[in-house]
Amino acid sequence: MCGIVGYLGQKQALPFLLSGLERLEYRGYDSAGVCLQENQQLRIVKRKGPIKVLEADLQSLKFNSQLGIAHTRWATHGQPNEINAHPHYDCQHQIAVVHNGIIENFQALKQLLENEGHHLVSETDSEIIAHLIEKFYQGNLEEATLHALKLLEGTYGLAVISAQENKIIAARRGSPLILGIGHDEVFIASDVSAVVEYTKQVVYLKDGEIAVITPQGYQLQNIDGEDLQAQIEEIKWTVDQIEKDGFKHFMLKEIFEQPQTIANVLRGRLFSDQIKLSLHFNPRKVKKIIITACGTSWHSSLIGKYLIEKIAHLPVEVDYASEFRYREHLINPDDLLVVISQSGETADTLGALRAIPASETLGIINIVGSTISREVKSGIYLHAGPEIGVASTKAFTSQVASLILLALYLNKERTGNLDLELVKNLEDISRQVQIVLDQAKQIKKISQSLLSAKNLLYLGRGINFPVALEGALKLKEVSYIHAEGYPAAEMKHGPIALIDQNMFVVFIVNHGPIFEKIISNMQEVKARGGKIIVICDLENDVLKKLADFIILVPSTSEELSPLINIIPLQLLAYYVADAKGINVDKPRNLAKSVTVE
Ligand code: F6R
C-alpha cells in the first residue's frame, strides 16, 4: 500500500529518494518522509500530505549524504500525520526504519518494549521494528535486524539504516521489495517503477529474503543469516511507458492505450486455427473452475464465468477473495483455481490463493515477478504495462481479453473445436475499441450533464451486468458520485423506488434476444421522470425517443461486447471527475495496490 525507496552509492542520495517517492506516490500518499545518514548521524524529515510538501521543505535544508531511505504512506495504523509518517527512529535516533505491511503482534511487542523502557511516539505498528532492532543492536545492523525479524508476525517489506554503519538492510515477507543494481550504487524500492529511470537490472527479493547492502555491493541472506544467490532480471518497461504521454492524467492515457493493450494480450496467443497458452494443467481433466479476485478484477471474473460457461461449457464459480479465503473450501482434485489481479500483490487475493487447497492454480496477472505470479502453477500475463491511475481501466479489458482466450483455449483443448467467428471478431476488436475512443469528445459533452447528479444506476444484463457493476465502480471511485450496478431486470425488485427526475440511469444494451426486455426497463425509468443514457450497438426510433443520450458503439459478438461497452463508461467517469477538479489518478482514500486485508 505504501512505497519504500532507499539508496547507497557514490552519489547524493536525496535526488533519487525524492524522484523514487514521486514515482511511488500512486501507492500511498497521505504523508512522506526521508532519513539520511550524515557524519554518523541520522536526520529524518517527514511531512503530512503529498510528496511535494516534503520536497518544498527539504529545499531549505542542506544534505551531504550517499545513504538514505524514504517512504510514502497510506495510513493503516494511526492517523495520517507527521508523527505516524515513516521513517521511524529508535529511542536514541541511531536506527531508522521504513516499513510496508502489517505487524500483527505489534501490541504485544510494543508492551514488551515499553516494559523494557523504550519510548515509542507513534501509533504505528512499524515503529516497534526500530526499537526491536535497537534492543538487539551490538554494533552489527544485520545481526540485530535478523533477531528482530524473528519476533515479527505479519507482513513486511522494510529497509533499515543506522547512524554508525555504512549499510542498508532490506527484508521482505509478504510485501514486495526489489533491489536496483547500478554502477557502484544500489537502489531499493517496493516497485520497479521507482528505479527504472536509473537502472534496468533488478533483483526481486523473495519472501524470507534479506539483503545487506554496503558500498561493496549487496548480499542476500535467509532469516538465519545464510548466504543466498541473487538472480538479476532485466526490466523491460521504459520510463516513457510510465510517463503520461501527453495526456492530462494517467487514467486517461491508460483508457486510450486499450487498443494496444488488448492487442498485447492476444499477440502470440490468438491464431486463426488455434489458441496458444502455455499452461501446466491438463484442460481435459478440469471439471470446475473457481475464480477469485477483488474489485475490478472481481468484475472481470464475473465476465469470465459467463465466457467459460458459454464457450467451454465448464461450470464456473466466482467469489470475492476476501470472503472465499475464510470460507469452507469445497475443492475437488479436478477443480482449477483462477486468481485475477492486476498488481499480483492484493492481500486478500494472495490470501485466498494460499488458503485454498487447489491442486491446479492459474494466475491472470499484470505485474511480472509479483508475489501471486510467483506462487501460481500456471499464468497468463496481461502485458498491459504499468497501470498508474488508481482506478483500473486497461487492466480490466486485458483481463477480459485473457479470459476470452482462456475460454476458447479450454474448449479447443477439450473438444477440438474453435469458434472461428469469435476468433475473427477478436482479431478486429482493437480497431473497434478505437472507434469508441474516437467519440471521446461527444462522451465528454454528455458527462457535463452528470456534474450535478447525486446518484446513478447502471443496468445491464447477461455478460453486460458485470460491465454495469464496473461502470458504476469507476464513477464512484473517481467522481465521488454514488452509483450502483444492477442486472436490469432486478430494478423493479427495489431500486425502482429511487427513480425520480434527479436520477440518471445508464443502460448497457446489445442488440439481441433481450433487447426488447431492456427497452421495457427503460420505459419504466422514463415513466418516473428518470434520465437515460444508453450505450448500444444499435440506434432505432424507440431508443431515440426514450434516451436522453445515446452512445453508439460498434457491433461485435456478445462475448466480446464488454471490451467495447466499458470504454464509454470509463470515459464518462473520467470526464465527470476531471470536470469536478478531482485528482483523478489518486482519488481520496484509495490506493493502487491493496496489500493489507
Ligand atoms: C478499482 C480498482 C480496485 C482493484 C482491486 C484489486 O478501479 O482498481 O478495485 O481492482 O483492488 O486489485 P488487483 O487487481 O491489483 O488485485
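A word on pairing before anything else: two strands count as paired if DSSP finds at least two bridges between them. Helices (H or I, at least four residues) and strands (E, at least two) are DSSP runs, numbered from the N terminus. What you see is a predicted model, in which local features need pLDDT of at least 70 and side-chain atom pairs count only at pLDDT 80 or more, while totals for chains, interfaces and linings use all residues. Residues are numbered from 1 along each chain as its sequence is written, and side-chain values use heavy atoms, with hydrogens and water left out.

Overall figures next. The protein chain has 20 helices and 25 strands. Its radius of gyration is 25 Å, close to the 25 Å that the globule rule gives for 597 residues, so the chain is as compact as a globular protein of that length. That radius is taken over C-alpha atoms, and the rule is 2.2 Å times the number of residues to the power 0.38. Along the principal axes, the C-alpha atoms fill a box of roughly 80 × 55 × 45 Å.

Now the parallel sheet. Five strands make an open sheet in the order S17-S16-S18-S19-S20, with parallel pairing. Which strands stand at the edges? They are S17 (316–320) and S20 (378–381); each has a single partner strand, so one side of each is left without a neighbour in the sheet. From one strand to the next the twist averages 20°. For angles, axes are lines fitted to C-alpha atoms, for helices over the stretch in contact, and values run from 0 to 180 degrees between N-to-C directions.

Inside this sheet, S18 (residues 335–341) and S19 (residues 360–365) pair in the parallel sense over six bridges. Ser341 stands opposite Ile365 in S19. Two helices pack on the sheet, where contact means heavy atoms within 4.5 Å. Helix H11 (residues 347–355) touches S16 (288–293), S18 and S19, and its direction makes about 165° with that of S18. Helix H13 (residues 394–415) touches S16, S18, S19 and S20, and its direction makes about 145° with that of S19.

The antiparallel sheet is next. It is an open sheet of eight strands, in the order S3-S2-S4-S1-S10-S9-S11-S15. S3 (41–48) and S15 (232–234) are at the edges with a single partner strand each, so one side of each has no neighbour in the sheet. The twist here averages 20° from one strand to the next.

S1 (residues 3–9) and S4 (residues 67–73) run antiparallel, joined by six bridges, and Tyr7 stands opposite Gly68 in S4. Helix H1 (residues 13–24) packs on this sheet, touching S1, S2 (31–38), S4 and S10 (185–189), with its direction at about 160° to that of S1. Helix H2 (residues 51–58) also packs on the sheet; it touches S2, S3 and S4, and its direction makes about 135° with that of S3. Further along, S9 (residues 178–181) pairs with S11 (residues 201–204) in the antiparallel sense over three bridges, with Gly180 opposite Val202 in S11. S11 is in turn joined to S15 by three bridges, also antiparallel, and Gln201 has Glu234 in S15 as its bridge partner.

On to one helix pair. How do H9 and H17 cross? The axes of H9 (residues 295–312) and H17 (residues 465–479) come within 9 Å and cross at roughly 165°. That makes H9 roughly antiparallel to H17; angles under 35 degrees count as roughly parallel, over 145 as roughly antiparallel, 65 to 115 as roughly perpendicular and the rest as oblique. In H9, Gly295, Thr296, Trp298, His299, Leu302 and Ile303 meet Pro466, Val467, Leu469, Glu470, Leu473 and Lys474 in H17.

Last, two backbone details. Most residues other than glycine have a negative phi, and most peptide bonds are trans. The peptide bond from His86 to Pro87 is cis, with omega near 0°, and Pro87 is found in the loop between S4 and S5 (88–89). His93 has a positive phi of about 55° although it is not a glycine; this residue is in the loop between S5 and S6 (95–100).
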